[in-house]
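Reader: I have a structure here and a few questions about it. Can we go through them one at a time?

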Amino acid sequence: MKMFAGKVVLITGGSSGIGRATAVVFAQEGAKVVVASRREDEGQQTVRLIEEAGSEGIFVKTDVSQAEQVKAMVEKTVATYGRIDCAFNNAGFDGQYAPLVEQTEENCDHILDINVKGVWLCMKYEIEHMLSSGRGAIVNTASIFANVGFPTGSIYAASKHAVMGLTRSAALEYAKSNIHINAVGPGDIQTEMVERGLASMPGGKQAYEATRVMGRLGHAEEVAKAVLFLCSDQASFTIGQMLMVDGGYTVQ
Ligand SMILES: NC(=O)c1ccc[n+]([C@@H]2O[C@H](COP(=O)([O-])OP(=O)(O)OC[C@H]3O[C@@H](n4cnc5c(N)ncnc54)[C@H](O)[C@@H]3O)[C@@H](O)[C@H]2O)c1
């Protein structure tokens with residue numbers, strides 16, 4: 001029996017990277033997957049990968065920073081599949097890299113709108129539904145930068161610290177309602193986001209990997225497996241935690 005057979009999973013930021021990989025791994029384990037993201041073509045491509053993995057899914061075009069769109073995303077999921085068992089609030093944005101005094105108000109608003117307001121809005125509407133169905137599991141994507149500082153990425157780091165504030169508070173608020181809320185803490189995972197950053201580094205990916213604890217970047221599938229664990233019954237007494245998937249970055 002597959003671990004998530006018959007379950008319904010909602011994933012934001014599912015059009016690439018960690019979100020897409022998690023959609024595929026959930027599909028391999030039998031889940032029906034709703035892929036929410038801003039990019040239609042890439043989102044539909046994830047749906048095709050879900051089908052190739054032997055399951056089914058739909059794409060819902062969503063900007064997680066817009067309340068009406070997040071509400072509609074949850075409504076569409078419930079209208080299509082009847083419920084939401086697990087939600088992975090993963091959409092995120094790193095913005096511009098610069099020392100704090102050079103950061104702009106526009107960059108600050110953009111990052112916080114997606115990474116903080118977006119996660120809050122997703123949880124708000126998902127939990128509303130889960131309260132009526134009597135159970136659910138939520139995983140938010142935090143980061144190594146929810147634990148440590150990030151020179152040139154101060155606003156991004158602040159946004160990921162905030163994700164943990166939301167995660168821990170909501171985990172406590174809904175613990176007795178049978179809604180389990182946790183986070184994953186990825187670091188140095190090879191996705192579009194990290195590739196954009198590596199492109200400007202001297203020596204590129206190879207030189208960077210040589211400096212990492214495990215001598216390599218992580219794979220999106222390695223984060224996906226942590227998300228599945230947190231959404232499963234195996235994690236039934238774990239709430240408000242950030243499960244690090246960072247190849248040792250934060251234990252140095
Ligand atoms: N790659 C890493 O090393 C790493 C490390 C720590 C945390 N993260 C976090 O992992 C998450 C996924 O990032 P990734 O590395 O897979 O990069 P990615 O750029 O491939 O994925 C980001 C996803 O979020 C979506 N997105 C962005 N803004 C959105 C919005 N307003 N509404 C809906 N969707 C939106 C993008 O379309 C994309 O699908 C992010 O929250 C990121 O901060 C990544």
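Reader: Which pocket is the space taken by the ligand?
Author: The ligand's space is the largest pocket. Keep in mind that this is a predicted model.

Reader: How many residues surround the ligand, and which are the closest?
Author: There are 29 residues around the ligand. The closest are Ser-15, Ser-16, Tyr-156, Ile-189 and Thr-191.

Reader: How does that shell divide into nonpolar, polar and charged?
Author: The shell around the ligand has 10 nonpolar, 12 polar and 7 charged residues.

Reader: Which helix gives the most to the shell?
Author: That is α6, with 4 residues. At least two shell residues come from each of α1 (17-28), α5 (154-173) and α6 (192-198).

Reader: Back to Ile-189. What lies 2.8 Å from an oxygen atom of the ligand there?
Author: A backbone N or O atom of Ile-189. For Ser-37, an N or O atom in the side chain is 3.2 Å from an oxygen atom of the ligand. With Thr-62, a backbone N or O atom lies 3.5 Å from a nitrogen atom of the ligand.

Reader: How much of the ligand's accessible area does the protein cover?
Author: The protein covers 96% of the 820 Å² that the ligand has on its own.

Reader: Different topic. How many helices and strands are in the chain?
Author: The chain has 8 helices and 7 strands.

Reader: Why call the chain as compact as a globular protein of that length?
Author: Because its radius of gyration is 17 Å, close to the 18 Å that the globule rule gives for 252 residues.

Reader: And what does the C-alpha trace span along its principal axes?
Author: The C-alpha trace spans about 50 × 35 × 35 Å.

Note on methods
Residues are numbered from 1 along each chain as its sequence is written. This is a predicted model: local features need pLDDT of at least 70, side-chain atom pairs count only at pLDDT 80 or more; totals for chains, interfaces and linings use all residues. Side-chain values use heavy atoms; hydrogens and water are left out. A residue is near a molecule or strand if one of its heavy atoms lies within 4 Å of it. A polar contact is a pair of N or O atoms within 3.5 Å; within protein, one must be able to donate a hydrogen and the other to accept it, and residues adjacent in sequence count only if both atoms are side-chain atoms. Accessible areas come from the Shrake-Rupley method with a 1.4 Å probe; for residues, only the protein chains shown count as cover. On a 1 Å grid over the protein atoms alone, a cavity is a set of points where a 1.4 Å probe fits but cannot get out, and a pocket is an open set with protein on both sides within 12 Å along at least five of seven lines; lining residues have an atom within 4 Å of a point. A molecule sits in a cavity or pocket if more than half of its atoms lie within 2 Å of its grid points. Ala, Val, Leu, Ile, Met, Phe, Trp, Tyr, Cys and Pro count as nonpolar, Asp, Glu, Lys and Arg as charged, and the others, Gly among them, as polar. The radius of gyration is taken over C-alpha atoms; the globule rule is 2.2 Å times the number of residues to the power 0.38.
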